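Open the model in your viewer and follow the stops below in order.

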Protein chains: 2
Amino acid sequence: MPASVPRHDQAQREAEALEFLHLYHTETGQPGLRQRQADLYRDGHLTLSTQELTFGARVAWRNSTRCVGRLPWQTLHVNDLRHVTAHDEVFTHLLVHLRGALNGGRILPTMSVFGPGVRIHNDQLIRYAGYRQPDGRVTGDPQNAALTDYLRGLGWRGGPGTPFDVLPLAIEAQGQVRLFDLPADATCEVRIEHPTCPAIGELGLRWHALPVISNMTLEIGGESFQAAPFNGWYLQTEIAARNLTDEHRYNLLPAVAAALGLDTRTRRSLWVDRALLELNMAVLHSFDRDGIRIADHHAVTWQFRHFETLEARAGRAVRGRWSWLLPPMAPATTPLWDRTYDDREVRPNFTAQPPAWQVARPGVCPFHH
Amino acid sequence: MPASVPRHDQAQREAEALEFLHLYHTETGQPGLRQRQADLYRDGHLTLSTQELTFGARVAWRNSTRCVGRLPWQTLHVNDLRHVTAHDEVFTHLLVHLRGALNGGRILPTMSVFGPGVRIHNDQLIRYAGYRQPDGRVTGDPQNAALTDYLRGLGWRGGPGTPFDVLPLAIEAQGQVRLFDLPADATCEVRIEHPTCPAIGELGLRWHALPVISNMTLEIGGESFQAAPFNGWYLQTEIAARNLTDEHRYNLLPAVAAALGLDTRTRRSLWVDRALLELNMAVLHSFDRDGIRIADHHAVTWQFRHFETLEARAGRAVRGRWSWLLPPMAPATTPLWDRTYDDREVRPNFTAQPPAWQVARPGVCPFHH
Ligand code: HEM
Ligand code: HEM
């Protein structure tokens, strides 16, 4: 078992297991609670059934305080791959996940849960390289510069050197880390064009259709699943108001402003705000053009309010982190602005993993040649 | 003494007084700390000198966790009017405050501290009426509907009925509440026009130049000043991204969108965001046109970072409320987005007063005919 699995103290683990069994049987109305409690007392831990795993994964989504997209939590598809522990098989199933979740653009929220010893070292399945240049600048996504360095250390030769080179996957299994190149047909991308300003299209921007988070541990009933990549669809602000625009990411607002011919001598001209708006227009337009599902910050926040209503009706409290739920564009025009949320975390849930390259990992050979 | 003065427990009051004296003498380098401590032990409370009051008011601003405009805290002008306790005099000094603070557009952050028994029942000196209509709608500013009702109850006949009627002031002094009309030359207003879209100008929007908060208690060294109205200059988002646009305020984004000819069938067209942007442009443009100082959300957030740097250099911790400091427009493009702040309150500071009409006030006659 990799060293970074949190070592639940046994009493705590059993308490979580009991709580989860209670939740599962109460919410689903399934019989058999007594039997499962007996199993737990016998084994000291839970071996989840596929139904329990699926339920637990959905509730983990429902409990994600930082996620504004929780309304369809019950629709999560869960691939129970806990028997899969070998690199090639993991990779094959990741390709199946990517294609199935894309679903021709009608994206399906999907999770694949792999077996013991598996871990994906990339934080998302699809990430663009960040190549450090001698002058200190980065070609590509600066946020991924450390990941890019790490993959090169593992033997990756590097890609063509564009700002949008998809990184290979570093899959850990059976005590070894191996690299896998993602084929182009598994990483659907969208060319970014603006509906009326061709110069924005000429910037050559693109983004991938699927956000698949692959570095969070799924925690259900005292059990931890380190390799449980999951995806929804994008919210356009994630791409257009953060990834492409943050100064420590692609930092593209100056280029967009130039394409729009804005006066950028002073921010008081609100050129930043205007470039931001047009880039958000462009991302929504381009995903819509290609028939790839994407949320907008107005619809998703109203849907979140609906989620709150449904949860209240079900007698459940919604936890939330206001600073994450609010979109980074016109937040006061959304129905979440005036709300307050209780941000305490409850289980089942997802927890962050430290990057593989920051953790001493006894028993794992990082360099496989 | 009105019932709503917080009754500091005496020990706490002396502790605050001691702490304040220490702060004052340390920061200003003034001698005489021992003497002032002796005064405190003799009287059981502090009678602040004008210098101490001024220093305390400035530090109260410096400590305001919800204020993003704190960089010039040392420039606050303080009018020491603690000897002023009669209605007419209070009103006269409020007019002096309004004219002096406006300063022909080069607004001066100013505070006027009145004597015991004085309270201003309006939450800001300049507020627009909110007239409730039989159909449940409100003409003017819906946020001020309760205040408008209250003033009518006090005998106000009502104004001409435009959406921008300036309310009279309800001044409490010597146990009585009296109404005072603000003359037009004390309430400088700005007509809102857009630099390139005349239809926005034709909406007939306006806003007043000065935000003067008049319902917060100034707390210094265990002493409370209930009538201590203060002003800075506006940040354009306060007017253009909240007051004129919130659905429970003027709710003008649909009208602005119509003036711009936007497609408002779905919010996915980002018409809300575009109307918001153009209204912010219009407010900045109009204040600039009239030479009335106003901040923009980019400059003010960079200035706040500078304030943090200066405070760190002075060896002081900056407290802040992230959700208030962040502007409601393009917040992730400002340098405050990635920061976290400690939001615990320290004294000197300002505390909120409940509206006069919500509090039983023994000894105060609210209806003066
Ligand atoms: C279906 C469409 C979905 C939308 C539109 C959506 C939207 C979002 C957004 C905007 C964020 C904030 C991202 C950021 O600022 O970095 C977020 C975070 C998150 N979401 Fe969702 N989400 C969706 C599906 C899912 C699914 C399927 C899961 C899990 C099963 C999930 C779990 C989470 C978690 C755990 C976070 C926090 C991630 C972190 O801490 O970095 N979401 N979501
Ligand atoms: C000089 C220009 C100033 C600017 C640009 C500025 C900016 C702001 C802004 C944008 C807010 C948030 C308002 C809201 O969202 O309702 C705020 C709140 C606040 N400011 Fe300032 N401010 C200035 C001057 C002052 C002064 C002179 C004082 C006191 C001496 C002050 C004390 C406060 C306080 C106490 C709050 C919180 C008000 C509340 O709780 O409702 N500010 N300021």
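Predicted model: local features only at pLDDT ≥ 70, side-chain atom pairs only at ≥ 80, totals over all residues.

**Stop 1: the two copies**

Residues are numbered from 1 along each chain as its sequence is written, chains are lettered from A and ligands numbered from 1 in the order written, and side-chain values use heavy atoms, without hydrogens and water.

**Stop 2: the iron atoms**

Select ligand 1. Cys67(A) (SG) is the only protein donor of its iron atom, at 2.3 Å (donors are N, O and S atoms within 2.8 Å of the metal, or 3.2 Å for Na, K and Ca; water is not among the atoms, so sites may look incomplete). Cys67(A) sits in the loop between helix H3 (50–62) and strand E1 (77–81) of chain A (DSSP runs: helices H or I, at least four residues; strands E, at least two; numbered from the N terminus).

Now ligand 2. Its iron atom has a single protein donor, Cys67(B) (SG), 2.3 Å away.

**Stop 3: the interface**

Show the contact: 36 residues from chain B and 36 residues from chain A (heavy atoms within 4.5 Å). Pick out Asp296(B) and Arg268(A): their side chains form a salt bridge (3.2 Å, N to O). The chains share six salt bridges (a Lys or Arg side-chain nitrogen within 4 Å of an Asp or Glu carboxyl oxygen). Finish on H9(B), which gives the largest share of chain B's side, ten residues.
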